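Please look over the structure before reading on.

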Amino acid sequence: MIRKLLVANRGEIARRVFATCRTLGVETVAVHSDADADAPFVAEADHAVRLPGNAPAETYLRIDLILDAARRTGADAVHPGYGFLAENAEFAAAVTDAGLTWVGPPAKAIAAMGDKMAAKALLAEAGVPMLPTWTDADEITDFPVLVKASAGGGGRGMRVVRDAAALAEAVASARREAAGAFGDGTVFVERYVERGRHVEVQIFGDTHGTVAALGVRDCSIQRRHQKIVEEAPGILPDEVRPALHEAAVAAGRAVDYVGAGTVEFLLAPDGEIYFLEMNTRLQVEHPVTELTTGLDLVRLQLIVAEGGSLPLAATPPAQGHAIEVRLCAEDPAQGYRPATGTLHRFALPGPAAEFGPLAGPGLRLDSGVVDGSVVSVHYDSMLAKVIAWAPTRAEAARALAGALARAELHGVATNRDLLVRVLRSPEFGAVEIDTGFLDRHPEVFAPLLPAGQLPLVALAAALATAAARRADAPVLAGIPSGWRNVPAFPQVTRYAGPGGEIEVRYRLDRSGGLAEWSVSPDAGSAALADGPTPDGAPPARPTPDGAAPADGPTSNEAAPADAPPPAVILVGAYPDRVVLDVDGVRRAYRVHRVSSDVFVDGPDGAASLAELPRFPEPTAELAAGSLVAPLPGAVTRVHVEVGQRVAAGDLLLTLEAMKLEHPVLAPADGVVAELPVAAGGQVDTGAVLAVVNPE
């Protein structure tokens, strides 16, 4: 039996495997890069070994270092997690050659499925339906097509190409991205099916000849060909589910599969199914299968690795419905640009379990981060998976959306608002989903916080900041903030916020009530009206700089200019909480301050503000037309030269960060005036990448 298990991975999957090991009494070993030295998975392991460096090629992709860590700690088994070396046949063989137990399929099966072209040929002979596929781009005449990496998955190295002119660059870009993520730049091309659904079957095999299907997942909601919403069981026509199970089991039997695997299919609008690929590892989305079957898939992996028989031979009936979302550090409104920095607060309301089963309807959290975790540029942007289980799909979606909306996620941008809007969309509720869902629904990219509510958020930030300063005052802390004998001038606080600079002006009366206030310039709905004082005096008239209302519509649009201004009463202001009465409705705002950053979570959404200094220090002014790096990364290619004329949208250079390529495009027609970077160079956030003088 396995006594001590090394997990050759990081983040939430390492924590997930450790959780089952603790239940089974198996000791655990973590390996970690320098960037991950203080990560939660390292702290939770019984033993940890440093892999010097940060980049995956220096650390988590080093077979020799990982095997040395196993030797030094006395580990007798290795679990690869997913990503990195999880589908590397050479790694699997090296582990077994070292006399260790490999928790995964045999190297032969990994190799057979790892070469996706060979896998297609093999499984086609087994009767699994296939899409037309090419390895020679010159043979392609019908578009659209999809360029795919032959090794690995997770959407990396994938490009949709709609015409022949774009094919060569798409293939070259996919090769670079695949080589960086998996160490193998081989790609192929297959026909792209519009409005197809991505469905997959979880299979499990053992060394005694059993290959079982554990149900179907639907993973159609994707961004950049990466899944962000997954659910089980997939809502499918009655005749499709058994066909998927049969094809998936046939694929597993064709390679004598052992362990956990996933066979992915494309469900076309006409009901036909086509094989996409087989992932020879545990999937990111495995929790939805666990919650609907009651199985611990990691436990099953360990049982099979020890030579045991699967405790089931047929597909277990699904119980209820589970939906998972991938919470990522990225800005969907900026092309899913990854975000880095310190996660000052990571709090979701009431998860009933972490990395394990639920006793009833509720939330499960599989997270790689905690308060204070640093999101590095070196790895994938996923922070956590949040999973809801309920008796019905609608109940699971509602519970998951509600928990995400109330979460406190401070310090880095996330895709939380996008996920909530997807889960609450009528189309998702009606199962009108496919891989192009996000392209057809731009409305889901709007922030949850209505524009008309931003002034109230800014006011709450200013009042909480003032309360915190009064609480910290060494003398006379009970005097209201900004108190004067002659209350002639308001308090003024300026913030950098969504859309630009926000100035909050307010004055408190002698009892600490809100006497007057305004927000400018236009922070979603222009300036705001004065509110009544706590003693019940009638509301004051709007301040001279505007009279637009504080309250906004339920959508993300600004309030109409002719709407009456709200009556706002300050119920209470504390360092971490502000309560306002707006037109007779109390609104509570949770406020978290970290240095000059202020994070506000309200009933309608959240916003991050940065308090601006009253007397700012002079800074160097960027040249007009400067394009700066949005995050640290490496310049992989420069596509233009100084003096070259470019059109708006032209590709200037390519930046690689967090395992993905990010194009830098010309913002307008013009001439390239400066190119201070070169291919292969490293850049920090804010570094000037190019200067384009507009025509």
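A residue is called buried when its relative accessible area is under 20%, exposed when it is over 50%, and partly exposed in between, using a 1.4 Å probe and protein chains only. Trp-102, with a relative accessible area of 8%, is therefore buried.

This is a predicted model, in which local features need pLDDT of at least 70 and side-chain atom pairs count only at pLDDT 80 or more, while totals for chains, interfaces and linings use all residues. Residues are numbered from 1 along each chain as its sequence is written, and side-chain values use heavy atoms, with hydrogens and water left out.

Helices (H or I, at least four residues) and strands (E, at least two) are DSSP runs, numbered from the N terminus.

**Aromatic rings**

- A pair of aromatic rings is described by the distance of the centres and the angle of the planes.
- Rings of Phe, Tyr and Trp (its six-membered ring) pair if their centres lie within 6.5 Å; planes under 30 degrees apart are stacked, over 60 edge-to-face, and the rest tilted.
- The count by this rule is five aromatic pairs.
- Tyr-60 and Phe-84 are a stacked pair, because their ring centres are 5.0 Å apart and their planes are at 25°.
- This pair links distant parts of the chain, 24 residues apart: Tyr-60 is in the loop between β3 (47-50) and α3 (63-73), and Phe-84 is in the loop between β4 (77-79) and α4 (89-97).
- Tyr-60 has 0% relative accessibility and counts as buried; Phe-84, at 11%, is buried as well.
- Phe-91 and Trp-102 form an edge-to-face pair, with 5.4 Å from centre to centre and 85° between the planes.
- Phe-91 lies in helix α4 and Trp-102 in strand β5 (residues 101-102), so the pair ties together parts 11 residues apart in sequence.
- Phe-91 counts as buried, at 0% relative accessibility.
- Tyr-60, Phe-84 and Tyr-379 are linked into a cluster by ring pairs.

**Charges over rings**

- A charge sits over a ring if NZ of Lys or CZ of Arg is within 6 Å of the ring centre and within 35 degrees of the ring normal.
- Arg-223 has its charged end over the ring of Tyr-336, at 5.9 Å from the ring centre.
- Arg-393 has its charged end over the ring of Phe-428, at 4.2 Å from the ring centre.

**Salt bridges**

- Side chains of opposite charge can pair when their charged atoms come close.
- A salt bridge is a side-chain nitrogen of Lys or Arg within 4 Å of a carboxyl oxygen of Asp or Glu, and by this rule there are 41 salt bridges.
- Arg-62 and Asp-64 form a salt bridge at 2.8 Å, N to O.
- Arg-62 is partly exposed at 31% relative accessible area, and Asp-64 is partly exposed at 44%.
- Glu-169 and Arg-176 form a salt bridge at 3.6 Å, N to O.
- Glu-169 is partly exposed at 31%, and Arg-176 is partly exposed at 21%.
- In the salt bridge between Arg-326 and Glu-285, the closest N and O atoms are 3.0 Å apart.
- That pair links distant parts of the chain, 41 residues apart: Arg-326 is in strand β15 (residues 321-328), and Glu-285 is in the loop between β14 (273-279) and α9 (286-293).
- Arg-326 is buried at 12% relative accessibility, and Glu-285 is buried at 1%.
- Salt bridges with shared partners join Glu-200, Arg-217, Lys-227, Glu-230, Glu-264, Glu-285 and Arg-326 into one network.

**The sheet and its helices**

- Strands of a sheet pair through backbone hydrogen bonds, either parallel or antiparallel.
- Two strands pair if DSSP finds at least two bridges between them.
- Nine strands form an open sheet with mixed pairing, in the order β14-β13-β10-β11-β12-β15-β23-β21-β20.
- Its edge strands, β14 and β20 (353-354), each pair on one side only.
- Strands β21 (residues 362-367) and β23 (residues 382-390) are antiparallel and pair over six bridges.
- Leu-363 has Ala-388 in β23 as its bridge partner.
- Helix α1 (residues 11-24) packs on the sheet and touches β20, β21 and β23, where contact means heavy atoms within 4.5 Å.
- The direction of α1 makes about 115° with that of β21; axes are lines fitted to C-alpha atoms, for helices over the stretch in contact, and angles run from 0 to 180 degrees between N-to-C directions.
- Helix α8 (residues 240-254) lies across β10 (197-205), β11 (211-223), β13 (259-267) and β14, at about 110° to β11.

**Arg-16**

- Arg-16 lies in helix α1 and is buried, with a relative accessible area of 1%.
- Leaving aside residues up to four places away in sequence, Arg-16 touches residues including His-286, Glu-290, Asp-296, Arg-364 and Asp-366.
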